[in-house]
Amino acid sequence: MVEHDALRATREAYDAAAVTYAELFRDSLGERPLDRAMLSAFAEVVRATGRGRVADLGCGPGHVTAHLVESGLAAFGVDASPAMIESARRAHPGLRFDVGSMAALDIQDGELDGVLARWSVIHTPPRELPVLLAEFHRVLTPGGHLLIGFSATDGPAHPTQVFDHAVAPAYRWSPDHLAALLRESGLAEVARLVREPEPTDRRQFQEVHLLARKAVTASA
């Protein structure tokens, strides 16, 4: 598969920012009780599905992967940035972290009970997102769950909006529009959490977590 310029540029930008990123976000979950609650719900439904096998896609420095393992899941991390993976391995030497692309995962069909994509699809151009969602569907077992996190657009009239991310250009999504794309990919929405921005947040965007489930009768 030929790597396109946007993916290469994003990977290189995260390689350059890996050390700073790890320092900034190492303890970020401690300040986000609603995020922790959604991750706990995700862990519970995944454990009920099977053996709790989860891929944290776009895992960055690995702090959320470690949180999933502490929640009782057999979680591992995948990231396109080799520098991020090196950082994750240093911080969490007992866990598994792999360099890889979300568009072509080195994971067998139906192997996973859960997929976490926490702010990891935001750099994907909108026309290419269905490719990633199809890949998430492929690796999930029937009945498996996806938890996807992203920033919301300013309203339903805006399916997507570009914003100037600190590392690389990124996209916001209308929650309803992204939920529709999930349905088209065979992933039915189960629940969503929408967090309003705090007055002190640098960007005044809503933050969204969508929990979706692969149909039990669907083929892997």
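## Ala-117 and the strands around it

Ala-117 has Ile-148 as its bridge partner in β5. The two strands involved, β4 (residues 112-118) and β5 (residues 140-151), run parallel and are joined by six bridges. Strands and helices here are DSSP runs numbered from the N terminus, with at least two residues (E) for a strand and at least four (H or I) for a helix. Two strands count as paired if DSSP finds at least two bridges between them. Ile-148 also stands opposite Leu-210 in β9.

A word on the model: it is predicted, with local features needing pLDDT of at least 70 and side-chain atom pairs counting only at pLDDT 80 or more, while totals for chains, interfaces and linings use all residues. Residues are numbered from 1 along each chain as its sequence is written, and side-chain values use heavy atoms, leaving out hydrogens and water.

## The sheet

Let us step back to the sheet. Seven strands form an open sheet with mixed pairing, in the order β3-β2-β1-β4-β5-β9-β8. Its edge strands, β3 (97-99) and β8, each pair on one side only. On average, neighbouring strands of this sheet are turned by 20° against each other, direction ignored. In general, strands of a sheet pair through backbone hydrogen bonds, either parallel or antiparallel.

β5 and β9 pair in the antiparallel sense over seven bridges, and eight bridges join β8 to β9, which also run antiparallel. In β9, seven of the eight residues are buried (buried means under 20% relative accessible area, exposed over 50%, partly exposed in between, with a 1.4 Å probe and protein chains only).

Contact here means heavy atoms within 4.5 Å.

Helix α3 (residues 63-70) lies across β1, β2 (74-79), β3 and β4, and runs at about 170° to β2.

## A look at Ala-188

Ala-188 lies in strand β8, and its bridge partner in β9 is Arg-213. Not counting residues up to four places away in sequence, Ala-188 touches Leu-211, Ala-212 and Arg-213. With 41% relative accessibility, Ala-188 is partly exposed. From Ala-188 to Asp-113 is 75 residues in sequence and 15 Å in space, C-alpha to C-alpha.

## Aromatic rings and charges

A search of the whole structure finds one aromatic pair. Phe-163 and Phe-205 form this edge-to-face pair, at 5.4 Å centre to centre with 75° between the planes. Rings of Phe, Tyr and Trp (its six-membered ring) pair if their centres lie within 6.5 Å; planes under 30 degrees apart count as stacked, over 60 as edge-to-face and the rest as tilted. Phe-163 is in strand β6 (residues 160-163) and Phe-205 in the loop between β8 (187-195) and β9 (207-214), so the pair ties together parts 42 residues apart in sequence. Phe-163 is buried at a relative accessible area of 9%, and Phe-205 counts as buried at 17%.

Elsewhere, the charged end of Arg-96 sits over the ring of Phe-76, 3.9 Å from its centre. A charge sits over a ring if NZ of Lys or CZ of Arg is within 6 Å of the ring centre and within 35 degrees of the ring normal.

Key
Axes fitted to C-alpha atoms, helices over the stretch in contact; angles between N-to-C directions.
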